[in-house]
Amino acid sequence: MKIKNILISQPAPAVIEKSPFYEIIQKYGAAIDYRPFIKVVGVSLKEFRSQRVEILDHSAVVFTNRTTVDSFFRICEEARVTVPETMKYFCNTEAIALYLQKYIVYRKRKIFFADGKFDSFMELILKHKDEKFLVSLTEPNNGEIPETMEKLKLRFSKVVLAKTVAADLEGIDPGKYDLMVFYSPSEISTLVSVFGADGIPAVATFGTSTACAAANAGLRIGTLAPSPEAPSMAKAVDIYIGKINSGQEVASVVVSGAGKAAEFLKAQEVKPRRARPRKPDQPASADKKTKQA
């Protein structure tokens, strides 16, 4: 068996030659179809108000995707809420931080961003633990960010600003493909709800939560990313196709692990605490006497 037909659950790139998967087309002669399985839409003002969250009660907003950015500022406009210039914005990537320029004047003292990794994003938020955060969410979500913030005893409110809905999948035949590539649990959910789990080819998954969703649905996971040998999905697919097409037997991926949130909280527990500063009236020799005693 050789992998010749691949479906990727993403919009087609504007320039195919600049796609990270273009090398796979050239290298293996594979045919790649791009079809999004989901789309994200902003909530209505009525849906926002039903959550009973006051934007101006917060000093900072947390964003993890562009749709929630668009939805946040649209809702502010429709609700006639003037966001103060003192509001701070925390983004999990620089791309989302730069996207804020569409709505506000970009000032580094108000906008903070991480490198896309969960740990670094939570570390960034922890550095500003005195803020009261408004955590923008897309429904459904894995809840890792608000759950971690709650365990860290940070002040925050969560609000759903966008929701994921199924895209039009008319004309798709899973049996046509040798590999299907997915990036979110919602895409897996849509796949199974529309086509069932039987007859689905091997899947490639991005991220732990997507892999867990695929495993729970009974799908065969051929490869996943990121990993030490494959930091990107394109690299993971490249390695997988190379093995399959050369006749190697590749075992299905077994998903395990406690998740990013649990790993981050565990790391926080083992961090050494800072020594308390000595009181001004306490002599330096007091520590030594205590140890000798």
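**Ground rules.** I number residues from 1 along each chain as its sequence is written, and my side-chain values use heavy atoms, with hydrogens and water left out. As the model is predicted, local features need pLDDT of at least 70 and side-chain atom pairs count only at pLDDT 80 or more, while totals for chains, interfaces and linings use all residues.

**Entry one: Ser-136.** I found Ser-136 in strand E7 (residues 132-139). Helices (H or I, at least four residues) and strands (E, at least two) are DSSP runs, numbered from the N terminus.

Is Ser-136 buried or exposed? I call Ser-136 buried because its relative accessibility is 2%; buried means under 20% relative accessible area, exposed over 50%, partly exposed in between (1.4 Å probe, protein chains only).

Leaving out residues up to four places away in sequence, I listed its contacts as Val-62, Phe-63, Thr-68, Val-159 and Leu-161 (contact means heavy atoms within 4.5 Å). I also saw that the Ser-136 side chain reaches the backbone oxygen of Val-62 at 2.5 Å.

**Entry two: the strands.** Next I looked at E4 (residues 60-63), which runs parallel to E5 (residues 88-91) with four bridges; two strands pair if DSSP finds at least two bridges between them.

How many bridges join E5 to E6? I noted three, and E6 (residues 111-113) runs parallel to E5. Tyr-89 has Ile-111 in E6 as its bridge partner.

Key. A polar contact is a pair of N or O atoms within 3.5 Å; within protein, one must be able to donate a hydrogen and the other to accept it, and residues adjacent in sequence count only if both atoms are side-chain atoms.
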